[in-house]
Amino acid sequence: MKGLLPVEEAIRRVLDGVVPLESEAVAISDCLGRVLAEPLVARRSQPPRDVSAMDGYAVRAADVAALPAQLAVIGAAPAGHPFAGQVSRGEAVRIFTGAVVPDGADAILLQEDVERLSEERIAAREIVTTGQHIRRRGLDFEIGAALLPAGLRLGMRQLALAAALDHANVPVRRKPLVAIIATGDELVPPGSDGPEDSIVASNGYGIAGLVQSLGGAVRDLGIVADDKDKLATAIDAAEGADILVTLGGASVGDHDFAQEVLTERGMALDFWRIAMRPGKPLIFGRLGPMRVLGFPGNPVSSLVCSLLFLRPLVETMLGLAPVEHAVSATLGGPLRANDGRQDYLRAEIAIASDGTRIATPFPRQDSSMLSTFAEAGCLIVRPPHTPAALAGEACRVIILP
Ligand SMILES: Nc1nc2c(c(=O)[nH]1)N[C@H]1C(S)=C(S)[C@@H](COP(=O)(O)OP(=O)(O)OC[C@H]3O[C@@H](n4cnc5c(N)ncnc54)[C@H](O)[C@@H]3O)O[C@H]1N2
Ligand code: MOO
């Protein structure tokens with residue numbers, strides 16, 4: 001469509017020149033969801049020595065290769081208290097799971113396979129083989145192994161591994177700071193029982209939620225009236241943030257001056273208006289080192305734009321590899337031919353018995369409707385000029401978070 005930037009080109013321009021933020025050391029207990037800035041290397045081997053995997057007796061396999069076999073119990077090795085001596089021919093040491101295997105022993109005879117003849121004497125009921133029930137030193141990992149690569153997001157499993165690698169503090173990417181300004185004379189905060197004709201400012205909460213769920217931080221600069229001076233003051237208060245998001249005032253109305261005031265405060269405009277629906281009047285520019293995204297005010301427009309542009313921007317600042325969010329699905333209902341804007345249609349998603357995803361568009365696609373956006377499972381992506389399609393035809397969808 002004339003004068004409108006294709007979505008893919010717009011995403012490319014938003015990410016152009018963006019580099020991962022600096023690294024900071026964070027206590028491992030605070031690292032859930034953080035992204036590694038450097039590979040994490042094992043500071044020790046695990047297990048650090050050969051250890052028993054079972055409760056039983058540390059023996060020489062050759063002594064219990066055939067039955068009957070009787071052994072003298074010469075001591076005990078609980079976990080954390082290694083047996084100092086040597087296991088010689090005809091001897092055994094009582095051992096417990098996790099304890100270091102004493103020198104001379106090369107197998108563990110299970111407790112259940114032993115008849116205790118006296119305090120000092122046992123008879124084996126089963127033979128053992130060399131190495132049986134022993135976890136070798138370094139079975140899990142060896143010292144120096146780089147097991148967690150840079151760019152990895154730390155979930156519960158990776159956190160446990162990072163701790164096992166013996167790291168108390170972890171080098172992670174600083175959280176991208178996103179400043180958010182809502183604009184509009186009609187806006188009131190939720191729960192404020194404002195005038196009947198007011199509109200509750202909702203978009204910022206969804207965008208803040210997205211940022212936080214991605215591992216970023218939010219500076220909420222509140223609601224600003226349609227007043228150039230007040231907007232300028234709020235924009236200045238965003239200084240130090242990595243990204244500024246403005247909500248509303250992006251279009252062509254007499255009170256839509258986000259772009260004008262941003263430019264007046266020093267933003268170098270990169271582009272305005274994208275060939276997409278919803279989200280056409282999106283503004284993008286740079287204000288010093290800060291990336292500025294001026295989202296349209298319509299709630300669904302701003303939230304769809306945040307998924308398409310803000311999400312990869314935050315992910316890139318976190319050093320995460322780019323993710324392709326669109327997956328294949330089958331249309332659950334017919335669609336009309338598309339015009340020159342790339343459509344993002346709110347749709348239900350279901351899984352058919354053969355495992356395919358069925359995406360059924362909602363009949364009403366108004367960009368003000370948060371109710372259907374919240375209910376939707378996906379967005380059907382329709383490139384510009386896609387011809388009419390019937391139920392059963394293939395499509396691409398973005399699964400909604
Ligand atoms: N003549 C034209 N009019 C419009 C065009 C156009 O091309 N020519 N584009 C339309 C499209 S598409 C969109 S999208 C909207 C976006 O315009 P703005 O960014 O200027 O948005 P506002 O007018 O400020 O607000 C639109 C709508 O959204 C509500 N709103 C705003 N902020 C919030 C918020 N934080 N939370 C909840 N709701 C919010 C606002 O009350 C309005 O109802 O322009 C079309 N017009
Ligand atoms: O882009 Mo507007 O977002 O179509 O409603």
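Student: Which residues are exposed on the other side of α4?

Tutor: Asp 229 and Asp 236 are the exposed ones there. Keep in mind that this is a predicted model.

Student: And what makes them count as exposed?

Tutor: The label goes to a residue with 12 or fewer other C-beta atoms within 10 Å of its own. Asp 229 and Asp 236 are classed that way.

Student: Which residues of α4 are buried?

Tutor: In α4, which runs over residues 228–236, Leu 231, Ala 234 and Ile 235 are buried.

Student: How do you know that they sit on the same side of α4?

Tutor: Look at the arc they cover around the axis: only 100 degrees, which puts them on the same side of α4. As background, an α-helix has 3.6 residues a turn, so residues three or four places apart point the same way.

Student: What do the buried residues of α4 pack against?

Tutor: Their partners are β13 (177–183), β16 (217–224) and α5 (258–264).

Student: Then why is Arg 273 called partly exposed?

Tutor: Arg 273 has 19 other C-beta atoms within 10 Å. Buried needs 20 or more and exposed needs 12 or fewer, so Arg 273 falls in between and is partly exposed. Its loop lies between β18 (268–272) and β19 (276–277).

Student: What is phi in His 133 and in Arg 273?

Tutor: Phi is near 60 degrees in His 133 and near 85 degrees in Arg 273. Most residues other than glycine have a negative phi.

Student: Last one: how do you know that the length of α6 agrees with what a helix should span?

Tutor: At 1.5 Å a residue, the 19 residues of α6 (299–317) should span 27 Å, and the end C-alpha atoms are 25 Å apart, which agrees. Along the way, α6 bends by about 40 degrees at Ser 306.

Student: What makes α6 mostly covered?

Tutor: Of its 19 residues, 15 are buried.

How values were computed:
Residues are numbered from 1 along each chain as its sequence is written. Chains are lettered from A and ligands numbered from 1 in the order in which they are written. This is a predicted model: local features need pLDDT of at least 70, side-chain atom pairs count only at pLDDT 80 or more; totals for chains, interfaces and linings use all residues. Helices (H or I, at least four residues) and strands (E, at least two) are DSSP runs, numbered from the N terminus. The expected span of a helix is 1.5 Å times one less than its number of residues. The bend at a residue is the angle between axes fitted to the seven residues ending there and the seven starting there. The arc is that of the directions from the helix axis to the C-beta atoms. Two residues are in contact if their C-beta atoms, placed from the backbone, lie within 7 Å.
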